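Colleague: I would like to learn how to read aromatic pairs and their surroundings in a model. Could we go through one together?

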Amino acid sequence: MSATTAAAWSRTRQEPNWLVRLFEWKPFLVIACLLPAVGLLTVFLTYPLGLGIWLAFTDTTIGRRGIWVGLENFEYLLEDPLWWNAVFYSVFYTGVATVGKFALGLWLALLLNNHMPFKSLLRAIILLPWIVPTVLSAIAFWWIYDPQFSIISFLLVDILGVRSTNIDFLGSAWPARWSLIAANVWRGIPFVAISLLAGLQTISPSLYEAALLDGSTAWQRFRYITFPMLLPILAIVMTFSIIFTFTDFQLVYAITRGGPVNSTHLLATLAFQRGIPGGQLGEGAAIAVSMIPFLVFATLFSYFGLARRKWQQGEGND
Amino acid sequence: MTEAVATPAAGNAATAQPETMAWDSKARRMVMLYLPLACFLIILLFPFYWMTLTAFKPNAELFDYKTYNPFWISSPTLDHIRHLLFNTAYPRWLVTTMTVAVCSTFISLIASTLAAYAIQRLRFKGSQYVGLAIYLAYLVPPSIQFIPLATMVYQLGLFDSPMALILTYPTFLIPFCTWLLIGYFKSIPYELEECALIDGATRLQILRQITLPLAVPGLISAGIFSFTLSWNEFIYALAFIQSSESKTVPVAILTELVSGDVYQWGALMAGSLLGSLPVAIFYSFFVDYYVSSLTGAVKE
């Protein structure tokens, strides 16, 4: 009985054709699965990265293949006050905006971690600035920063009476720099707050209960429980934030385009200005390449943040 | 807690104190929680309110804060939107942006699903290094890539065509999606696949009939995220597209609508509003997926 069913079963099972067998062969399957992603990334990410570094050592312009000029582009940049200015503002912009984003974002996350009605709706609304295209909200900021019809100036001058003249947000160097940082912080808060909120929710309440029984103050609970437990996620979010703030382009390009008098150029906007409309591809690439050391630094920061995480969890359960 | 249970029995004199304490903590909660939260909300939402308001304000009100209340519209108008839709190429820009976003999302979803499956489930030698390499690819920002990519796009003859954007957007979408999907695949029990393998299913059947249906939430998250990211992308679109009609919305608003010294703020704001709406609508349908993918990606 059992022999006949087994025979019937083996008869119905057809010998798989060569294509099916090929897809059962693991090495082929692995390569076939990885090919689209790895292929696309190699052609449009790794190759351009190398090409960009090569371009930085040539004097390529639009429409003319460049020749190797060695470090000439970089030597030129080191004597270029505009480049130094862009380096300064990139570092300043990243530093101040990151501190602002994380201070306010952490505060917002701690607020949202309380029990309250409409919590999920609130969370949804708060993410809005991060979802909307940066350029479009930047244009709204541009209008808010208008020298004549700024609503902030109107509030300060006509309603509160704090000032007697309109603020010239984008007309001179320092106000323009601070205005851009404010816009960047505004856009960054939601991302930081929502990611940190997710981190806060993974902290076990029993830790707080134990601390309460031991008579801790609110500050001590934050300092010795919340902050250390949040540190791994904080490190990762901060790395991302630093990398993408340092290489920011959209906000500055949309609001000031590097002006007034080139005072708000970030390295990315300077590279764009020299490279695409200016046509000096080699020089633009050199400016872009000069961002890489900063990015490597930020990535190492992320790596050590991750290493610390395993150490904190005690065992490799992740 | 025990105090609150005990007080009703103790009589009127005893209840007074807990009540004032309750009031006190309510006031405290108001100041410590709701007040800062309200400030955050106002600041975070004000630019959108201002954008919407400006888009529907007639020019006369727009530039006269003395006679009209700037925070309200006394006679709303659709002029700016009409100007945008019928006097500019705005509908075309919307269509281009939509096409580019949909196509690049589709390409990166397919590529990253396969890659994530291979890395997480096929477990070949060195799979974690491939995973790490893809993670590192996410850290390469477009700002250092656009110049070499522009020369490449030019040499490939794709300059000024949406195809250039469709092919380059996956470079920042694939790493993110792969990363997200590896996390999702990890959460699907491996035993399910083993059962299917024992029953004689091929690897591709397993992927199609077992893993993918279970990973649908992950796929939706990756999809909407990719769509949003490609809708928002700016620098590649600015560098690779020259002609007015094949620009994407963010680039077109900034380069085509800003003309001369007099900015048409009404039209600019209407354009920004219309350009944000598709993403915002999309977002409102999938809020939970956004939040879970954002937090999931960070936690991974």
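Colleague: Are B:Tyr236 and B:Phe240 buried or exposed?

Modeller: Both B:Tyr236 and B:Phe240 are buried, where buried means under 20% relative accessible area, exposed over 50% and partly exposed in between, with a 1.4 Å probe and protein chains only. This is a predicted model, in which local features need pLDDT of at least 70 and side-chain atom pairs count only at pLDDT 80 or more, while totals for chains, interfaces and linings use all residues. Residues are numbered from 1 along each chain as its sequence is written, chains are lettered from A and ligands numbered from 1 in the order in which they are written, and side-chain values use heavy atoms, with hydrogens and water left out.

Colleague: How many aromatic pairs does a search of the whole structure find?

Modeller: In general, a pair of aromatic rings is described by the distance of the centres and the angle of the planes. Rings of Phe, Tyr and Trp (its six-membered ring) pair if their centres lie within 6.5 Å, and planes under 30 degrees apart count as stacked, over 60 as edge-to-face and the rest as tilted. Over all chains, the search finds 49 such pairs. One of them is formed by A:Phe272 and B:Phe146, which is tilted, with 5.7 Å centre to centre and 40° between the planes. Because A:Phe272 lies in helix 14 (residues 267-275) of chain A and B:Phe146 in helix 7 (residues 146-155) of chain B, this pair joins two chains; helices (H or I, at least four residues) are DSSP runs, numbered from the N terminus. A:Phe272 counts as buried at 3% relative accessibility, and B:Phe146 counts as buried at 0%.

Colleague: Why is the pair of B:Tyr236 and B:Phe240 stacked?

Modeller: The ring centres of B:Tyr236 and B:Phe240 are 5.4 Å apart and the planes stand at 15°, so the pair is stacked. The two residues are four apart in helix 13 (residues 235-240) of chain B, and are therefore separated by about one helical turn.

Colleague: Which ring has the charged end of A:Arg177 over it?

Modeller: A charge sits over a ring if NZ of Lys or CZ of Arg is within 6 Å of the ring centre and within 35 degrees of the ring normal. Here the charged end of A:Arg177 sits over the ring of A:Trp174, 4.5 Å from its centre, and that of A:Arg223 sits over the ring of A:Tyr224, 5.0 Å from its centre.
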